[in-house]
Amino acid sequence: MPVSLTPNAIKAINAGDVNLKPLLQVLDIKMIGRSQERSQERYRFLISDGVSAQHAMVAVQLNDRVKSGQVDKGSIVQLIDYICSDVKGRKVIVVLKMETIVPHSETVGNPAIFGETDTETQKTLSAVGNIQPSNRVGFNEPTVQHSVNKAPPRGTNIHNPANSTSSFRPSVQPSYQPPASYRNHGPIMKNEAPARVIPIAALNPYQGRWAIKARVTAKGDIRRYNNAKGDGKVFSFDLLDSDGGEIRVTCFNAVVDRFYDVTEVGKVYLISKGSLKPAQKNFNHLKNEWEIFLESTSTVELCPDEDGSIPRQQFSFRPIGDIEDAENNTILDVIGVVTSVNPSVPILRKNGMETHRRILNLKDESGKAVEVTLWGEFCNRDGRQLEEMVDSASHPVLAIKAGKVSDFSGKSVGTISSTQLFINPDFPEAHKLRNWFDHGGKDTASFSISRDTMPGGSSRNEIRKSVSQIKEEGLGRSEKPDWITVKATVSFIKTDSFCYTACPLMIGDKQCNKKVTRSGTNRWLCDRCNQESDDCDYRYLLQVQIQDHTGLTWVTAFQETGEEIMGCPAKKLYALKYELEKEEEFAEIVRDRLFHQYMLKLKIKEESYGDEQRVKMTVVKVDAVNYTSESKFLLDLLIR
């Protein structure tokens, strides 16, 4: 039976018919150049109903259809799901879902560009021309077919090009008369009808009006920031729809006040009237090239009667064994059985703020184990529950959504603001792990990919160098910094300028810590904050000379590493020298810190100072020498 193009379909689609499911022919395919912000290309079709032709953008999830050749120039396709948007005064068809009916065909009819003059049409279609595919089955000349007026039902095998190509006769239908709803009944009114709900995967900037129905799967805290435009606040939440599409929504400033208390994890919302911008992949791990920014006109409506078709969460679990090869800062999902939980300990961050850290261990069927670091509220809320369960010999299954890989000490996984923890979740992967653990997995040995030291005593990622090798090998002069460990002795500490006065003011949840100076009012002025304060902090900026058996060099130690070397806070030393003027006591403390041997982890990078390039070495970690481990390391070197 011949298959006909749906007559006058282009006109009907432009008039607003989104239920036609027309049969159309692809006259031309063009890939739109990708931008720096977007990693995915987009395709533009020229589609025809045999009489009219119009350009159509293709949703990115259909790119594989073009790349695999399922859709090519001359293909006859059925549009299953589509919209027609008004972009800067031009109608643009966006194809969301389609099926290929006939892979290859000659041009059907003599189509003209819809809505353009004859001259414009000739210029446009002359570049496309008549489709003459090479090595394709030839077809008879088009004939008028009066008997077919609509597309065949979905799922019907209309045409098999392998054995029945000769039965296909492309044809042009008589002129289509649009339904009465498309006729002009008076002056044009503004369309106030609700926006059509579309899948998240179909969102793109070419749509004028859209709405999505999705569940909030994660919600971040309000973060405050300060930049050249002033202070501000921001928060984000992640959405998941019934088709498995995910996207992040971000709100700034006044919009934060509108929607922060409205959105709740686990609830389903109808969201519309936002703007789409390229996702910033440094902060957004979701598999979507776009991100929604809500505005003052945006709407977020709770759907209290949602039908449960939208899943609560979507995971893409990686075996623990695969994490060993994952790049640093990768965001991933992992699931395992908790074998141990350490107590929560307070940690002083680099910004001067105190937080809490708790380390636990996971193992799975891959034969590997990994350390998971819980930060902040995760320590108290989930960490305490996990510790109690492990102490009672009940080893729970833990699923981690959006954990961050770190390679600082082997490979480990840490929590971030968008991380979610699920204890003994009810889904197949968890049940499979539980069954494995209870039937022998508990006693199976697992190799930890997070152990800081190897049997020889050296760190898994440690690069040991001598002081002389730093200069001989030109370390730090490449594009990225070099990270090495040296065993060295502190031989001299500069005391004329060992610390600086730091700003104590808070910017959001972080302390400023920039240098402050005395103002005319005898208060401390911060150029960054542009504010004055009565007091200041004192932070280490130590210049330390270190040496080993091969030579000596200078390194810089900031606050945390400076305290490790000096053994006391910078404020105490400053008070002894400048306020109490106890020079002898000050000198005694400094002398007592000389000629101690340490394992120093250094960051080495060439930096510009005016017109001069200098290699700067910064101490990022200070450890006392473990002589047992060091002896094993040296013996291992002799054996090799």
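Trainee: Which residues of α10 are buried, then?

Mentor: In α10 those are A570, L573, A575, L576 and K577. Just after α10 comes E581, with a positive phi of about 55°.

Trainee: Before I go on, what kind of model is this, and what does the pLDDT average over the chain?

Mentor: This is a predicted model. The pLDDT averages 81 over the chain, and 82% of the residues score at least 70.

Trainee: Where is the pLDDT below 50?

Mentor: One such stretch is residues 126-130, which has 5 contacts in the model beyond near neighbours in sequence. Residues 132-191 also stay under 50, and there the model has 91 contacts beyond four places in sequence.

Trainee: Okay. How many helices and strands are in the chain?

Mentor: The chain has 12 helices and 36 strands. It runs to 640 residues, and 44% of them are buried. As for contacts between residues at least 6 apart in sequence, 63% join residues at least 24 apart.

Trainee: Back to the helices. Which residues are buried in α11?

Mentor: Helix α11 covers residues 583-592, and its buried residues are F586, I589 and V590. They sit on the same side of α11, because they span an arc of only 95° around the axis.

Trainee: And what covers them?

Mentor: The cover over the buried residues of α11 includes β25, α9 (559-566) and α10 (570-579).

Trainee: β25 again. What's the story with the largest nonpolar core, and which members touch the most others?

Mentor: That core has 41 residues, and I493, L600 and L602 touch the most other members. Strand β25, residues 482-493, gives the most to this core, with 5 residues. In general, nonpolar side chains tend to be buried together in soluble globular proteins.

Trainee: What is I493 in contact with, leaving aside neighbours within four places in sequence?

Mentor: I493 has contacts with L542, Q543, V544, I565, M566, V590, R593 and L594. There's also a second, separate core, with 30 residues, and among them are A214, V255, I271 and I292.

Trainee: Let's do sheets. In what order do the 5 strands of the barrel close?

Mentor: The order is β25-β33-β34-β36-β35, with mixed pairing. From one strand to the next, the twist averages 60°.

Trainee: How do β35 and β36 pair?

Mentor: β35 (residues 597-609) and β36 (residues 612-624) are antiparallel, paired over 12 bridges. As one example, Y598 stands opposite A624 in β36.

Trainee: Which strands does α9 lie across?

Mentor: α9 lies across β25, β33 (542-548), β34 (551-557), β35 and β36, and it runs at about 60° to β36.

Trainee: I was looking at Q559, which belongs to α9. Buried or exposed?

Mentor: Q559 is buried, with a relative accessible area of 9%. The cut-off for buried is under 20%, so Q559 falls within it. Leaving aside neighbours within four places in sequence, Q559 is in contact with Y538, R539 and Y540.

Trainee: Switching topic: why is β13 largely enclosed by the rest of the structure?

Mentor: Because 4 of the 5 residues of β13 (residues 268-272) are buried. Its partners include β9 (residues 211-219), which pairs with β13 in the antiparallel sense over 5 bridges. Within that pairing, R215 has V268 in β13 as its bridge partner.

Trainee: And how many bridges join β13 to β16?

Mentor: There are 4, and β13 and β16 (residues 299-302) run antiparallel. Y269 stands opposite L302 in β16.

Trainee: Last one: what's the strand order in the open sheet of 3 strands?

Mentor: That sheet goes β29-β30-β31, with antiparallel pairing. β29 (516-518) and β31 (531-533) are the edge strands, each pairing on one side only. The twist there averages 35° from one strand to the next.

Trainee: What joins β29 to β30?

Mentor: 3 bridges join β29 to β30 (residues 524-526), and the two run antiparallel. V516 stands opposite C526 in β30.

Methods
Residues are numbered from 1 along each chain as its sequence is written. This is a predicted model: local features need pLDDT of at least 70, side-chain atom pairs count only at pLDDT 80 or more; totals for chains, interfaces and linings use all residues. Side-chain values use heavy atoms; hydrogens and water are left out. A nonpolar core is a set of buried Ala, Val, Leu, Ile, Met, Phe, Trp, Tyr and Cys residues joined through side-chain atoms within 4.5 Å. Buried means under 20% relative accessible area, exposed over 50%, partly exposed in between (1.4 Å probe, protein chains only). Contact means heavy atoms within 4.5 Å. The arc is that of the directions from the helix axis to the C-beta atoms. Two strands pair if DSSP finds at least two bridges between them. Axes are lines fitted to C-alpha atoms, for helices over the stretch in contact, and angles run from 0 to 180 degrees between N-to-C directions. pLDDT is the predictor's confidence in each residue, from 0 to 100.
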